[in-house]
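Please consider the model shown below. The paragraphs that follow lead through its chains one after the other and then turn to the contact between them.

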Amino acid sequence: MHIMEGFLPATHAIAWTVASAPVVAYSAWRVKKVVEDNPSTKLLLASSGAFAFVLSALKMPSVTGSCSHPTGTGLGAVLFGPWVMPVMGAIVLLFQALLLAHGGITTLGANVFSMAIVGPFVSYGLYRLIRTSGGSLQLAVFLAAAFGDMATYCTTSLQLALAFPDPVGGVVGSAAKFLGIFALTQVPLAIAEGLLTVVVMNILTKYSAGELKSLNVLSRSAQA
Amino acid sequence: MNLIDRIAHTNRWSRRATAEKLLVCLGGLAVCLAGPALTTGPLVLLANILLALFAARLPAKVFFAVLGFPIGFLLAGAPMLLVSVDFSHGVALGWRPDQFPVAVGLIARAAGAASCLTLLALTTPVHAMIPSLRKIGVPAFLIEIMLLTYRLIFVFAETVARGYNAQTARLGYVGWKRSLHSLGLLAAAFFQRAMSRAQHMEVGLAARGFEGDFHVLAEDGVAASGARCALIVAGLSLILVLGFVAERCVHV
(Lines give C-alpha, C1' and ligand atoms only; values in the text may rest on other atoms or scores of the structure.)
Protein backbone atom coordinates (compact mmCIF):
# COMPACT_ATOMS: atom_id res chain seq x y z
CA MET A 1 0.00 0.00 0.00
CA HIS A 2 2.61 2.52 -1.06
CA ILE A 3 1.43 6.03 -1.75
CA MET A 4 3.30 7.09 -4.87
CA GLU A 5 5.70 9.98 -5.14
CA GLY A 6 4.03 13.39 -5.32
CA PHE A 7 0.53 12.06 -4.60
CA LEU A 8 0.16 13.97 -1.33
CA PRO A 9 0.14 17.77 -1.26
CA ALA A 10 3.07 19.48 0.50
CA THR A 11 1.29 20.13 3.81
CA HIS A 12 0.20 16.49 4.14
CA ALA A 13 3.59 15.14 3.10
CA ILE A 14 5.26 17.29 5.77
CA ALA A 15 2.64 16.52 8.44
CA TRP A 16 3.00 12.73 8.01
CA THR A 17 6.78 13.04 8.07
CA VAL A 18 6.55 15.03 11.31
CA ALA A 19 4.18 12.41 12.74
CA SER A 20 6.47 9.50 11.86
CA ALA A 21 9.80 11.09 12.74
CA PRO A 22 9.64 10.83 16.56
CA VAL A 23 8.56 7.18 16.42
CA VAL A 24 11.35 6.33 14.00
CA ALA A 25 13.82 8.29 16.15
CA TYR A 26 12.74 6.45 19.30
CA SER A 27 12.95 3.15 17.45
CA ALA A 28 16.45 4.08 16.25
CA TRP A 29 17.44 4.91 19.83
CA ARG A 30 16.25 1.50 21.02
CA VAL A 31 18.08 -0.23 18.21
CA LYS A 32 21.20 1.80 19.03
CA LYS A 33 21.20 0.50 22.60
CA VAL A 34 20.90 -3.07 21.37
CA VAL A 35 23.72 -2.51 18.90
CA GLU A 36 25.97 -0.91 21.53
CA ASP A 37 25.52 -3.84 23.90
CA ASN A 38 26.04 -6.35 21.14
CA PRO A 39 27.70 -5.00 17.96
CA SER A 40 27.07 -8.16 15.97
CA THR A 41 23.34 -7.41 15.92
CA LYS A 42 24.19 -4.92 13.16
CA LEU A 43 24.62 -7.90 10.87
CA LEU A 44 21.40 -9.48 12.06
CA LEU A 45 19.50 -6.23 11.45
CA ALA A 46 21.03 -5.71 8.02
CA SER A 47 20.24 -9.30 7.14
CA SER A 48 16.64 -8.87 8.29
CA GLY A 49 16.28 -5.62 6.35
CA ALA A 50 17.52 -7.24 3.17
CA PHE A 51 15.23 -10.23 3.87
CA ALA A 52 12.22 -7.89 4.17
CA PHE A 53 13.16 -6.05 0.99
CA VAL A 54 13.59 -9.19 -1.10
CA LEU A 55 10.46 -10.79 0.40
CA SER A 56 8.42 -7.72 -0.52
CA ALA A 57 9.59 -8.06 -4.11
CA LEU A 58 8.16 -11.61 -4.41
CA LYS A 59 4.83 -12.03 -6.09
CA MET A 60 2.12 -13.45 -3.88
CA PRO A 61 -0.81 -15.37 -5.36
CA SER A 62 -4.06 -13.59 -4.57
CA VAL A 63 -7.67 -14.63 -5.00
CA THR A 64 -8.56 -11.90 -7.48
CA GLY A 65 -6.14 -13.47 -9.94
CA SER A 66 -3.82 -10.52 -9.87
CA CYS A 67 -0.54 -11.07 -8.12
CA SER A 68 0.63 -8.79 -5.42
CA HIS A 69 3.44 -8.56 -2.94
CA PRO A 70 3.53 -9.60 0.69
CA THR A 71 4.35 -6.74 3.05
CA GLY A 72 6.06 -8.88 5.68
CA THR A 73 4.78 -6.45 8.28
CA GLY A 74 3.15 -9.11 10.44
CA LEU A 75 6.03 -11.56 10.17
CA GLY A 76 8.52 -8.83 11.05
CA ALA A 77 6.52 -7.61 14.04
CA VAL A 78 6.15 -11.14 15.41
CA LEU A 79 9.80 -12.09 14.83
CA PHE A 80 11.54 -8.87 15.78
CA GLY A 81 9.04 -7.08 18.02
CA PRO A 82 7.27 -3.85 17.08
CA TRP A 83 10.00 -1.42 18.15
CA VAL A 84 12.54 -2.56 15.59
CA MET A 85 10.04 -2.11 12.78
CA PRO A 86 9.74 1.70 12.45
CA VAL A 87 13.42 2.26 11.76
CA MET A 88 14.00 -0.91 9.71
CA GLY A 89 10.73 -0.32 7.85
CA ALA A 90 11.83 3.22 7.04
CA ILE A 91 15.11 1.88 5.63
CA VAL A 92 13.34 -0.75 3.53
CA LEU A 93 10.81 1.81 2.25
CA LEU A 94 13.62 4.22 1.34
CA PHE A 95 15.37 1.44 -0.60
CA GLN A 96 12.14 0.55 -2.37
CA ALA A 97 11.89 4.16 -3.49
CA LEU A 98 15.53 4.38 -4.59
CA LEU A 99 15.99 0.90 -6.08
CA LEU A 100 12.53 0.13 -7.44
CA ALA A 101 11.07 3.66 -7.83
CA HIS A 102 8.23 2.25 -5.73
CA GLY A 103 6.69 4.61 -3.15
CA GLY A 104 8.45 7.93 -2.86
CA ILE A 105 10.56 10.37 -0.93
CA THR A 106 7.89 13.01 -0.30
CA THR A 107 5.45 10.28 0.71
CA LEU A 108 8.01 8.36 2.79
CA GLY A 109 6.62 9.79 6.04
CA ALA A 110 3.06 8.74 5.23
CA ASN A 111 4.18 5.28 4.06
CA VAL A 112 6.32 4.76 7.16
CA PHE A 113 3.34 5.73 9.31
CA SER A 114 0.99 3.19 7.73
CA MET A 115 3.40 0.34 7.01
CA ALA A 116 6.17 0.57 9.59
CA ILE A 117 4.25 1.99 12.55
CA VAL A 118 0.49 1.24 12.48
CA GLY A 119 0.74 -2.16 10.76
CA PRO A 120 3.43 -3.68 13.02
CA PHE A 121 1.86 -2.40 16.25
CA VAL A 122 -1.56 -3.77 15.34
CA SER A 123 0.06 -7.08 14.35
CA TYR A 124 2.11 -7.32 17.50
CA GLY A 125 -0.76 -6.25 19.77
CA LEU A 126 -3.05 -8.90 18.30
CA TYR A 127 -0.33 -11.53 18.44
CA ARG A 128 0.33 -10.86 22.14
CA LEU A 129 -3.37 -10.67 22.96
CA ILE A 130 -4.17 -14.02 21.36
CA ARG A 131 -1.07 -15.75 22.70
CA THR A 132 -1.62 -14.56 26.28
CA SER A 133 -5.29 -15.50 26.17
CA GLY A 134 -4.31 -19.04 25.19
CA GLY A 135 -4.92 -19.00 21.42
CA SER A 136 -2.79 -21.20 19.20
CA LEU A 137 0.34 -19.91 17.51
CA GLN A 138 -1.22 -20.41 14.08
CA LEU A 139 -4.32 -18.40 14.92
CA ALA A 140 -2.24 -15.62 16.47
CA VAL A 141 0.10 -15.44 13.49
CA PHE A 142 -2.71 -15.53 10.95
CA LEU A 143 -4.70 -12.77 12.61
CA ALA A 144 -1.60 -10.70 13.31
CA ALA A 145 -0.48 -10.79 9.67
CA ALA A 146 -3.95 -10.37 8.15
CA PHE A 147 -5.04 -7.55 10.43
CA GLY A 148 -1.63 -5.88 10.22
CA ASP A 149 -2.27 -5.63 6.49
CA MET A 150 -5.83 -4.47 7.05
CA ALA A 151 -4.69 -1.78 9.49
CA THR A 152 -2.13 -0.57 6.97
CA TYR A 153 -4.73 -0.43 4.24
CA CYS A 154 -7.22 1.46 6.44
CA THR A 155 -4.51 3.95 7.43
CA THR A 156 -3.54 4.54 3.81
CA SER A 157 -7.19 5.07 2.87
CA LEU A 158 -7.55 7.57 5.69
CA GLN A 159 -4.39 9.38 4.62
CA LEU A 160 -5.74 9.68 1.09
CA ALA A 161 -9.16 10.75 2.38
CA LEU A 162 -7.62 13.53 4.48
CA ALA A 163 -5.66 14.74 1.47
CA PHE A 164 -8.60 14.52 -0.94
CA PRO A 165 -11.84 15.03 1.02
CA ASP A 166 -15.05 14.41 -0.88
CA PRO A 167 -16.76 17.62 -2.05
CA VAL A 168 -20.08 16.39 -0.65
CA GLY A 169 -19.36 13.66 1.88
CA GLY A 170 -16.16 15.21 3.27
CA VAL A 171 -13.39 13.10 4.76
CA VAL A 172 -15.84 10.35 5.79
CA GLY A 173 -17.26 10.00 2.29
CA SER A 174 -13.81 10.03 0.79
CA ALA A 175 -12.53 7.45 3.27
CA ALA A 176 -15.47 5.19 2.41
CA LYS A 177 -14.64 5.62 -1.25
CA PHE A 178 -10.96 4.68 -0.89
CA LEU A 179 -11.73 1.84 1.53
CA GLY A 180 -14.29 0.49 -0.92
CA ILE A 181 -11.95 0.60 -3.89
CA PHE A 182 -8.99 -0.95 -2.09
CA ALA A 183 -11.13 -3.58 -0.36
CA LEU A 184 -11.42 -5.42 -3.69
CA THR A 185 -7.71 -6.13 -3.77
CA GLN A 186 -6.62 -5.68 -0.17
CA VAL A 187 -8.98 -8.00 1.69
CA PRO A 188 -8.04 -11.10 -0.32
CA LEU A 189 -4.42 -9.98 -0.11
CA ALA A 190 -4.54 -9.69 3.67
CA ILE A 191 -6.00 -13.19 3.92
CA ALA A 192 -3.36 -14.55 1.54
CA GLU A 193 -0.61 -12.90 3.53
CA GLY A 194 -2.07 -14.25 6.77
CA LEU A 195 -2.02 -17.79 5.37
CA LEU A 196 1.46 -17.34 3.94
CA THR A 197 2.77 -16.11 7.29
CA VAL A 198 1.29 -19.17 9.03
CA VAL A 199 3.04 -21.47 6.53
CA VAL A 200 6.32 -19.62 7.13
CA MET A 201 5.98 -19.66 10.93
CA ASN A 202 5.09 -23.36 10.95
CA ILE A 203 8.24 -24.18 9.04
CA LEU A 204 10.36 -21.87 11.16
CA THR A 205 9.18 -23.24 14.49
CA LYS A 206 9.78 -26.75 13.21
CA TYR A 207 13.21 -26.31 11.65
CA SER A 208 14.69 -23.04 12.87
CA ALA A 209 14.23 -22.98 16.61
CA GLY A 210 17.87 -21.95 16.96
CA GLU A 211 17.54 -18.95 14.69
CA LEU A 212 14.35 -17.86 16.44
CA LYS A 213 16.17 -17.96 19.76
CA SER A 214 18.96 -15.80 18.38
CA LEU A 215 16.35 -13.15 17.65
CA ASN A 216 15.67 -12.81 21.34
CA VAL A 217 18.34 -10.13 21.50
CA LEU A 218 15.85 -8.01 19.59
CA SER A 219 12.62 -9.16 21.19
CA ARG A 220 11.29 -11.78 23.52
CA SER A 221 8.24 -12.31 21.34
CA ALA A 222 9.94 -14.80 19.09
CA GLN A 223 9.68 -17.54 21.68
CA ALA A 224 6.97 -19.64 20.18
CA MET B 1 15.80 -3.84 -9.45
CA ASN B 2 19.01 -5.14 -11.01
CA LEU B 3 18.29 -3.14 -14.12
CA ILE B 4 17.76 0.11 -12.22
CA ASP B 5 20.93 -0.48 -10.21
CA ARG B 6 22.95 -1.37 -13.28
CA ILE B 7 21.89 1.75 -15.12
CA ALA B 8 22.54 3.85 -12.03
CA HIS B 9 26.14 2.64 -12.21
CA THR B 10 26.68 2.96 -15.94
CA ASN B 11 25.04 6.16 -17.16
CA ARG B 12 26.83 9.37 -18.04
CA TRP B 13 25.96 10.91 -14.70
CA SER B 14 27.20 7.99 -12.56
CA ARG B 15 30.46 9.72 -11.76
CA ARG B 16 28.97 13.16 -11.29
CA ALA B 17 28.93 14.59 -7.77
CA THR B 18 26.10 12.99 -5.79
CA ALA B 19 25.27 16.34 -4.21
CA GLU B 20 24.51 17.84 -7.62
CA LYS B 21 22.21 14.99 -8.60
CA LEU B 22 20.44 15.13 -5.25
CA LEU B 23 19.99 18.86 -5.71
CA VAL B 24 18.41 18.35 -9.12
CA CYS B 25 16.03 15.61 -8.01
CA LEU B 26 15.12 16.66 -4.47
CA GLY B 27 14.96 20.29 -5.63
CA GLY B 28 12.63 19.17 -8.40
CA LEU B 29 10.43 17.41 -5.84
CA ALA B 30 10.31 20.56 -3.70
CA VAL B 31 9.39 22.67 -6.73
CA CYS B 32 6.62 20.21 -7.65
CA LEU B 33 5.10 20.45 -4.20
CA ALA B 34 5.63 24.18 -3.73
CA GLY B 35 4.45 25.49 -7.10
CA PRO B 36 0.95 25.40 -8.60
CA ALA B 37 0.39 21.72 -9.41
CA LEU B 38 -1.24 22.14 -12.80
CA THR B 39 1.67 23.93 -14.47
CA THR B 40 4.77 23.18 -12.37
CA GLY B 41 4.37 19.38 -12.55
CA PRO B 42 4.47 19.15 -16.36
CA LEU B 43 7.40 21.61 -16.49
CA VAL B 44 9.41 19.48 -14.05
CA LEU B 45 8.43 16.34 -15.98
CA LEU B 46 9.62 17.90 -19.25
CA ALA B 47 12.89 19.10 -17.70
CA ASN B 48 13.56 15.65 -16.24
CA ILE B 49 12.83 13.88 -19.52
CA LEU B 50 15.28 16.19 -21.30
CA LEU B 51 17.92 15.69 -18.60
CA ALA B 52 17.45 11.92 -18.59
CA LEU B 53 17.62 11.47 -22.34
CA PHE B 54 20.12 14.12 -23.39
CA ALA B 55 22.31 14.82 -20.36
CA ALA B 56 22.48 11.51 -18.50
CA ARG B 57 21.82 9.59 -21.75
CA LEU B 58 19.63 7.01 -20.05
CA PRO B 59 18.17 4.40 -22.37
CA ALA B 60 14.76 5.87 -23.28
CA LYS B 61 13.05 2.49 -23.07
CA VAL B 62 14.14 1.91 -19.49
CA PHE B 63 13.47 5.46 -18.35
CA PHE B 64 9.90 5.44 -19.66
CA ALA B 65 9.27 1.91 -18.41
CA VAL B 66 10.30 2.84 -14.85
CA LEU B 67 8.38 6.12 -15.04
CA GLY B 68 5.39 4.50 -16.74
CA PHE B 69 4.61 2.21 -13.83
CA PRO B 70 3.62 4.91 -11.31
CA ILE B 71 2.04 7.08 -14.00
CA GLY B 72 -0.18 4.22 -15.15
CA PHE B 73 -1.22 3.76 -11.57
CA LEU B 74 -1.92 7.48 -11.33
CA LEU B 75 -4.07 7.61 -14.46
CA ALA B 76 -6.12 4.71 -13.11
CA GLY B 77 -6.48 6.18 -9.63
CA ALA B 78 -6.99 9.91 -10.13
CA PRO B 79 -10.42 9.66 -11.82
CA MET B 80 -11.73 8.28 -8.51
CA LEU B 81 -11.69 11.86 -7.29
CA LEU B 82 -14.53 12.62 -9.72
CA VAL B 83 -16.85 10.26 -7.86
CA SER B 84 -18.34 11.55 -4.64
CA VAL B 85 -19.79 9.57 -1.78
CA ASP B 86 -22.22 11.15 0.66
CA PHE B 87 -23.66 9.61 3.81
CA SER B 88 -25.98 12.43 4.91
CA HIS B 89 -29.07 10.79 3.34
CA GLY B 90 -28.18 7.14 3.18
CA VAL B 91 -25.48 6.37 0.66
CA ALA B 92 -25.43 8.62 -2.37
CA LEU B 93 -22.93 8.27 -5.19
CA GLY B 94 -22.42 11.29 -7.39
CA TRP B 95 -20.44 12.35 -10.43
CA ARG B 96 -18.57 15.57 -9.77
CA PRO B 97 -17.15 17.16 -12.90
CA ASP B 98 -16.23 20.21 -10.78
CA GLN B 99 -13.51 18.06 -9.21
CA PHE B 100 -11.85 17.77 -12.60
CA PRO B 101 -9.18 20.44 -11.90
CA VAL B 102 -8.26 18.69 -8.64
CA ALA B 103 -7.77 15.36 -10.44
CA VAL B 104 -5.79 16.91 -13.29
CA GLY B 105 -3.67 18.88 -10.82
CA LEU B 106 -2.94 15.68 -8.93
CA ILE B 107 -1.89 13.89 -12.10
CA ALA B 108 0.32 16.83 -13.08
CA ARG B 109 2.02 17.11 -9.69
CA ALA B 110 2.52 13.39 -9.11
CA ALA B 111 3.82 12.82 -12.66
CA GLY B 112 6.38 15.58 -12.18
CA ALA B 113 7.39 14.23 -8.77
CA ALA B 114 7.60 10.65 -10.03
CA SER B 115 9.94 11.78 -12.80
CA CYS B 116 12.28 13.27 -10.17
CA LEU B 117 12.41 9.98 -8.28
CA THR B 118 12.91 8.03 -11.51
CA LEU B 119 15.77 10.30 -12.57
CA LEU B 120 17.41 9.97 -9.15
CA ALA B 121 17.02 6.18 -9.02
CA LEU B 122 18.42 5.72 -12.52
CA THR B 123 21.36 8.12 -12.29
CA THR B 124 22.64 7.66 -8.75
CA PRO B 125 23.83 4.39 -7.19
CA VAL B 126 22.30 3.90 -3.75
CA HIS B 127 25.63 3.41 -2.00
CA ALA B 128 26.63 6.90 -3.14
CA MET B 129 23.48 8.41 -1.65
CA ILE B 130 23.54 6.68 1.75
CA PRO B 131 26.62 8.52 3.14
CA SER B 132 24.97 11.87 2.40
CA LEU B 133 22.25 10.93 4.92
CA ARG B 134 24.95 11.49 7.55
CA LYS B 135 24.70 15.20 6.78
CA ILE B 136 21.01 15.37 7.70
CA GLY B 137 21.71 13.79 11.07
CA VAL B 138 21.18 10.06 10.52
CA PRO B 139 23.46 8.34 13.08
CA ALA B 140 26.53 6.43 11.90
CA PHE B 141 25.34 3.01 13.08
CA LEU B 142 22.22 3.31 10.90
CA ILE B 143 24.34 4.25 7.90
CA GLU B 144 26.40 1.10 8.46
CA ILE B 145 23.27 -1.02 8.72
CA MET B 146 21.94 0.56 5.53
CA LEU B 147 25.12 -0.08 3.57
CA LEU B 148 25.17 -3.70 4.75
CA THR B 149 21.49 -4.07 3.89
CA TYR B 150 22.13 -2.70 0.41
CA ARG B 151 24.93 -5.18 -0.15
CA LEU B 152 22.91 -8.13 1.13
CA ILE B 153 19.85 -7.29 -0.96
CA PHE B 154 21.68 -8.35 -4.11
CA VAL B 155 23.11 -11.50 -2.55
CA PHE B 156 19.67 -12.51 -1.31
CA ALA B 157 17.85 -11.57 -4.50
CA GLU B 158 20.01 -14.05 -6.36
CA THR B 159 19.40 -16.80 -3.80
CA VAL B 160 15.65 -16.27 -3.93
CA ALA B 161 15.51 -16.05 -7.70
CA ARG B 162 17.29 -19.42 -7.93
CA GLY B 163 14.98 -20.97 -5.37
CA TYR B 164 11.96 -19.62 -7.20
CA ASN B 165 13.18 -20.99 -10.53
CA ALA B 166 13.88 -24.38 -8.99
CA GLN B 167 10.39 -24.49 -7.50
CA THR B 168 8.78 -23.36 -10.75
CA ALA B 169 10.65 -26.03 -12.68
CA ARG B 170 9.12 -28.59 -10.29
CA LEU B 171 5.61 -27.19 -10.84
CA GLY B 172 5.64 -25.49 -7.46
CA TYR B 173 3.50 -22.62 -8.64
CA VAL B 174 0.70 -24.54 -10.28
CA GLY B 175 -2.54 -23.63 -8.57
CA TRP B 176 -3.25 -21.21 -5.77
CA LYS B 177 -2.86 -23.49 -2.77
CA ARG B 178 0.36 -24.94 -4.01
CA SER B 179 1.74 -21.50 -4.84
CA LEU B 180 1.07 -20.35 -1.32
CA HIS B 181 2.78 -23.40 0.12
CA SER B 182 5.79 -23.03 -2.17
CA LEU B 183 6.12 -19.37 -1.37
CA GLY B 184 5.98 -20.16 2.34
CA LEU B 185 8.71 -22.77 1.93
CA LEU B 186 10.82 -20.35 -0.04
CA ALA B 187 10.40 -17.54 2.50
CA ALA B 188 11.19 -19.84 5.43
CA ALA B 189 14.24 -21.39 3.76
CA PHE B 190 15.37 -17.94 2.77
CA PHE B 191 14.95 -16.71 6.33
CA GLN B 192 17.23 -19.50 7.57
CA ARG B 193 19.77 -18.55 4.93
CA ALA B 194 19.59 -14.89 5.91
CA MET B 195 20.12 -15.68 9.59
CA SER B 196 22.99 -18.08 8.98
CA ARG B 197 24.55 -15.55 6.62
CA ALA B 198 24.47 -13.00 9.45
CA GLN B 199 26.05 -15.53 11.81
CA HIS B 200 28.81 -16.36 9.33
CA MET B 201 29.63 -12.68 8.91
CA GLU B 202 29.60 -12.31 12.67
CA VAL B 203 32.12 -15.11 13.12
CA GLY B 204 34.23 -13.84 10.26
CA LEU B 205 34.35 -10.34 11.67
CA ALA B 206 34.99 -11.54 15.22
CA ALA B 207 37.99 -13.49 13.93
CA ARG B 208 39.34 -10.26 12.47
CA GLY B 209 38.97 -8.30 15.70
CA PHE B 210 35.65 -6.58 15.04
CA GLU B 211 35.02 -3.94 17.67
CA GLY B 212 31.70 -2.61 16.51
CA ASP B 213 32.56 -0.20 13.73
CA PHE B 214 33.19 -0.79 10.07
CA HIS B 215 36.04 1.26 8.73
CA VAL B 216 35.66 1.63 5.02
CA LEU B 217 37.43 3.79 2.50
CA ALA B 218 35.16 6.42 1.07
CA GLU B 219 35.11 6.38 -2.69
CA ASP B 220 36.84 9.42 -4.09
CA GLY B 221 33.68 11.28 -4.89
CA VAL B 222 33.80 14.15 -7.31
CA ALA B 223 33.34 17.40 -5.43
CA ALA B 224 30.24 19.33 -6.29
CA SER B 225 31.03 22.36 -8.38
CA GLY B 226 29.67 25.63 -7.00
CA ALA B 227 28.95 26.98 -10.45
CA ARG B 228 26.96 23.92 -11.44
CA CYS B 229 24.97 24.00 -8.20
CA ALA B 230 24.17 27.67 -8.83
CA LEU B 231 23.02 26.72 -12.34
CA ILE B 232 20.77 23.98 -10.93
CA VAL B 233 19.23 26.35 -8.38
CA ALA B 234 18.69 28.91 -11.12
CA GLY B 235 17.03 26.30 -13.33
CA LEU B 236 14.75 25.16 -10.51
CA SER B 237 13.80 28.76 -9.69
CA LEU B 238 13.08 29.41 -13.34
CA ILE B 239 10.71 26.42 -13.44
CA LEU B 240 8.98 27.62 -10.30
CA VAL B 241 8.54 31.16 -11.68
CA LEU B 242 7.37 29.82 -15.05
CA GLY B 243 4.93 27.61 -13.19
CA PHE B 244 3.38 30.57 -11.40
CA VAL B 245 3.30 32.70 -14.57
CA ALA B 246 1.74 29.92 -16.63
CA GLU B 247 -0.85 29.34 -13.94
CA ARG B 248 -1.85 33.03 -14.14
CA CYS B 249 -2.22 32.73 -17.91
CA VAL B 250 -4.40 29.63 -17.55
CA HIS B 251 -6.71 31.42 -15.16
CA VAL B 252 -7.01 34.64 -17.20
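How many helices and strands make up the secondary structure of chain A? Chain A comes to eight helices and zero strands, where helices (H or I, at least four residues) and strands (E, at least two) are DSSP runs, numbered from the N terminus. Its pattern along the sequence is accordingly written α-α-α-α-α-α-α-α. The model is a predicted one, in which local features need pLDDT of at least 70, side-chain atom pairs count only at pLDDT 80 or more, and totals for chains, interfaces and linings use all residues. Residues are numbered from 1 along each chain as its sequence is written, while chains are lettered from A and ligands numbered from 1 in the order in which they are written.

The overall dimensions of chain A come next. Its radius of gyration is 17 Å, close to the 17 Å that the globule rule gives for 224 residues, so chain A is as compact as a globular protein of that length. The radius of gyration is taken over C-alpha atoms, and the globule rule is 2.2 Å times the number of residues to the power 0.38. Along the principal axes, the C-alpha atoms of chain A fill a box of roughly 55 × 35 × 35 Å. Of the 224 residues in chain A, 60% are buried. A residue is buried if 20 or more other C-beta atoms lie within 10 Å of its own, exposed if 12 or fewer, and partly exposed in between, with C-beta atoms placed from the backbone. Contacts in chain A between residues at least 6 apart in sequence join residues at least 24 apart in 72% of cases; two residues are in contact if their C-beta atoms, placed from the backbone, lie within 7 Å.

Helix 3 of chain A, residues 73–80, is mostly covered, for eight of its eight residues are buried. These buried residues pack against helix 2 (41–56), helix 4 (85–100), helix 5 (108–132), helix 6 (137–163) and helix 7 (170–207) of chain A. Just after helix 3 of chain A, A:Gly81 takes a positive phi of about 85°.

Two packed helices are described by the angle between their axes and the distance between the axes. For helix 3 and helix 5 of chain A, the axes come within 8 Å and cross at roughly 60°. Axes are lines fitted to C-alpha atoms, for helices over the stretch in contact, and angles run from 0 to 180 degrees between N-to-C directions. Helix 3 and helix 5 of chain A are therefore oblique to each other; angles under 35 degrees count as roughly parallel, over 145 as roughly antiparallel, 65 to 115 as roughly perpendicular and the rest as oblique. In this contact, A:Thr73, A:Gly74, A:Gly76, A:Ala77 and A:Val78 of helix 3 meet A:Met115, A:Gly119, A:Pro120, A:Ser123, A:Tyr124 and A:Tyr127 of helix 5. By class, the contact has six nonpolar, five polar and no charged residues. Here Ala, Val, Leu, Ile, Met, Phe, Trp, Tyr, Cys and Pro count as nonpolar, Asp, Glu, Lys and Arg as charged, and the others, Gly among them, as polar.

Helix 7 of chain A contains A:Ala192, which is buried, with 25 other C-beta atoms within 10 Å. The C-alpha atoms of A:Ala192 and A:Phe142 are separated by 9.5 Å, although the two residues are 50 residues apart along the chain.

Chain B has nine helices and two strands, in the order α-α-α-α-β-β-α-α-α-α-α along the sequence. Its radius of gyration is 23 Å, whereas a compact globule of 252 residues would have one near 18 Å. The C-alpha atoms of chain B fill a box of roughly 70 × 60 × 35 Å along the principal axes, and 37% of its 252 residues count as buried.

Where the chains meet, 66 residues of chain B are in contact with 58 residues of chain A. Helix 8 of chain B gives the most to the side of chain B that touches chain A, with 18 residues. By class, that side of chain B has 47 nonpolar, eleven polar and eight charged residues.
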